[in-house]
Amino acid sequence: MVKNIKNPTSNTIYKKANSFVAISGISENITQFKRIRNLQAELKDTTSKQANVVAKACKDLLSEDAGKLPKFELKPFVLEEIQRLNDDELFRYLFYRYRYDVYPATQQLDKFPPCVQIEPTSICNYRCVFCYQTDPKLTQGRHGHMGMMKFDLFKTIIDQIDGNVEAVTLASRGEPLMTKDILKMLGYLSGKFLGLKINTNASFLTEDKAHGILAAEPNTIVFSADAADKELYAKLRVNGDLDTVLSNIKMFNDIKSKHYPDSRTITRVSGVRYNEKQNFSEIEAFWQDYVDQTAFVSYNPWESAYEAPKNDIVDHCSDLWRRTFVWWDGTVNPCDVDYRSMLAVGNIKKESLTKLWQGENYQKLRYSHSNSARCNLTPCSGCALI
């Protein structure tokens with residue numbers, strides 16, 4: 001039994017926008033503000049809606065006055081992403097990033113979410129102690145939550161969001177690289193999104209999949225690992241083997257160096273800060289030769305949100321304005337804390353994503369959260385995310 005680092009209380013709050021508790025491998029990127037100043041100058045004679053949003057972003061970034069909150073800022077890891085963009089991509093990126101960071105606070109809504117998280121599969125080979133895969137009400141087949149997305153449905157989703165969304169994450173309840181059609185999916189994604197991210201435990205990473213990932217040019221590939229010690233890793237990521245994961249990530253790094261020397265993809269090992277035995281310095285030292293960054297994210301007890309007692313949190317959940325989740329079967333869900341889909345707003349097979357995002361079911365959820373009534377929703381009432 002691995003004890004978690006602390007027992008959450010009704011006063012514990014987890015800020016989705018600030019989930020990193022530690023990150024390394026970030027370089028100084030102050031020169032990026034010169035590019036932002038040049039972009040600001042180019043926007044003076046442009047009046048489109050997108051240009052107005054980007055102009056606000058530039059003004060916030062370049063102003064020394066704190067101004068009216070919330071002020072748009074670029075965290076170091078975001079500046080690292082900007083450093084790898086071409087000048088002609090900066091406009092698109094800031095349009096996405098401003099909406100991603102600011103709209104959840106101002107509760108503004110566009111036709112499309114700033115981020116779409118697509119679940120290629122809900123199936124996972126691990127049973128991590130901090131994950132909802134430990135819940136048999138999710139994993140037992142009779143509950144209907146387990147499956148793999150068909151390529152035709154994946155293509156439909158991508159066709160709807162291409163040109164309307166920049167941030168796409170392949171991951172959610174399951175392990176993406178277990179998906180039968182993952183190589184076809186990666187191929188169809190290639191070159192379409194500036195904010196493409198892939199999360200994987202790396203246990204199913206092969207040479208073919210490494211090439212498929214790198215050819216798709218994701219912004220970031222995140223390898224999930226929480227320890228530098230084989231025994232501790234196995235206790236946290238049950239069914240996982242650190243030696244296998246290390247070998248696969250070494251292989252990925254070798255392929256990236258040899259075959260994709262100009263790749264802009266950021267590689268990151270990221271773990272959940274779960275107990276006192278984890279040592280970030282040791283993890284950083286263990287992985288630093290094979291990835292660009294290492295990070296820890298806050299532990300949020302989402303694996304027990306349905307059974308958690310009602311908390312005292314009245315702040316709205318930022319994800320209701322930041323992202324949406326599309327499960328393997330087309331179900332559109334507002335978050336992955338609700339991994340049993342009690343709050344599902346519809347299915348993309350029946351309605352377009354933009355209609356669902358702006359639709360009545362989503363708006364009812366937002367209204368409850370905006371009016372300090374998240375306590376009337378399950379699992380929102382026991383969830384600590386804002």
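Residues are numbered from 1 along each chain as its sequence is written. Because the model is predicted, local features need pLDDT of at least 70 and side-chain atom pairs count only at pLDDT 80 or more, totals for chains, interfaces and linings use all residues, and side-chain values use heavy atoms, with hydrogens and water left out.

**Salt bridges**

A search of the whole structure gives 18 salt bridges, each defined as a side-chain nitrogen of Lys or Arg within 4 Å of a carboxyl oxygen of Asp or Glu. Helices and strands are named here from DSSP runs (H or I, at least four residues, for helices; E, at least two, for strands), numbered from the N terminus.

Select Arg35 and Asp87. Their closest N and O atoms are 2.8 Å apart, in a salt bridge. The pair links distant parts of the chain, 52 residues apart: Arg35 belongs to helix 1 (residues 32–42), while Asp87 sits in the loop between helix 3 (76–83) and helix 4 (90–106). Show the surface next, with these classes: buried is under 20% relative accessible area, exposed is over 50%, and partly exposed is in between (1.4 Å probe, protein chains only). Arg35 has 17% relative accessibility and counts as buried, whereas Asp87 is exposed at 58%.

Now select Glu89 and Arg264. Their side chains meet in a salt bridge with an N to O distance of 2.8 Å. Glu89 lies in the loop between helix 3 and helix 4, and Arg264 in the loop between helix 10 (242–259) and strand 6 (266–273), so the bridge ties together parts that are 175 residues apart in sequence. Glu89 is buried, with a relative accessible area of 11%; Arg264 is partly exposed, at 33%.

Go on to Lys230 and Asp243, whose side chains form a salt bridge at 2.9 Å, N to O. Lys230 is in helix 9 (residues 230–236) and Asp243 in helix 10, 13 residues apart. Lys230 is partly exposed, with a relative accessible area of 42%, and Asp243 is partly exposed too, at 43%.

To end this part, select Lys49, Arg99 and Asp110 together: salt bridges link them in a network.

**Helix contacts**

Two packed helices are described by the angle between their axes and the distance between the axes. Here the axes are lines fitted to C-alpha atoms, for helices over the stretch in contact, and angles run from 0 to 180 degrees between N-to-C directions.

Select helix 8 (residues 207–216) and helix 10, which pack at an angle of about 50° with their axes 10 Å apart. That angle makes helix 8 oblique to helix 10; angles under 35 degrees count as roughly parallel, over 145 as roughly antiparallel, 65 to 115 as roughly perpendicular and the rest as oblique. The crossing of this pair is right-handed, a term for the near helix being turned clockwise from the far one by less than a right angle, with anticlockwise being left-handed. For the contact (heavy atoms within 4.5 Å), show Glu207, Ala210, His211, Ile213 and Leu214 in helix 8 against Met251, Phe252, Ile255, Lys256 and His259 in helix 10. The residues of this contact divide into 6 nonpolar, 2 polar and 2 charged. In these classes, Ala, Val, Leu, Ile, Met, Phe, Trp, Tyr, Cys and Pro count as nonpolar, Asp, Glu, Lys and Arg as charged, and the others, Gly among them, as polar.

Next take helix 6 (residues 151–161) and helix 7 (residues 182–189). They pack at an angle of about 20°, with their axes 10 Å apart, and are therefore roughly parallel to each other. Helix 6 passes helix 7 in a right-handed crossing. Phe151, Phe154, Lys155, Ile158 and Asp159 of helix 6 make the contact with Lys184, Met185, Tyr188 and Leu189 of helix 7. By class, this contact has 6 nonpolar, no polar and 3 charged residues.

**Backbone features**

Most residues other than glycine have a negative phi, and most peptide bonds are trans.

Select Ala202, in the loop between strand 4 (195–200) and helix 8. Phi of Ala202 is positive, near 70°, and the residue counts as buried at 0% relative accessibility.

Then move to Ser372 in the segment after helix 14 (360–370). Ser372 has a positive phi as well, near 55°. With a relative accessible area of 40%, Ser372 is partly exposed.

The last stop is Pro379, which lies in the segment after helix 14. The peptide bond from Thr378 to Pro379 is cis, with omega near 10°.
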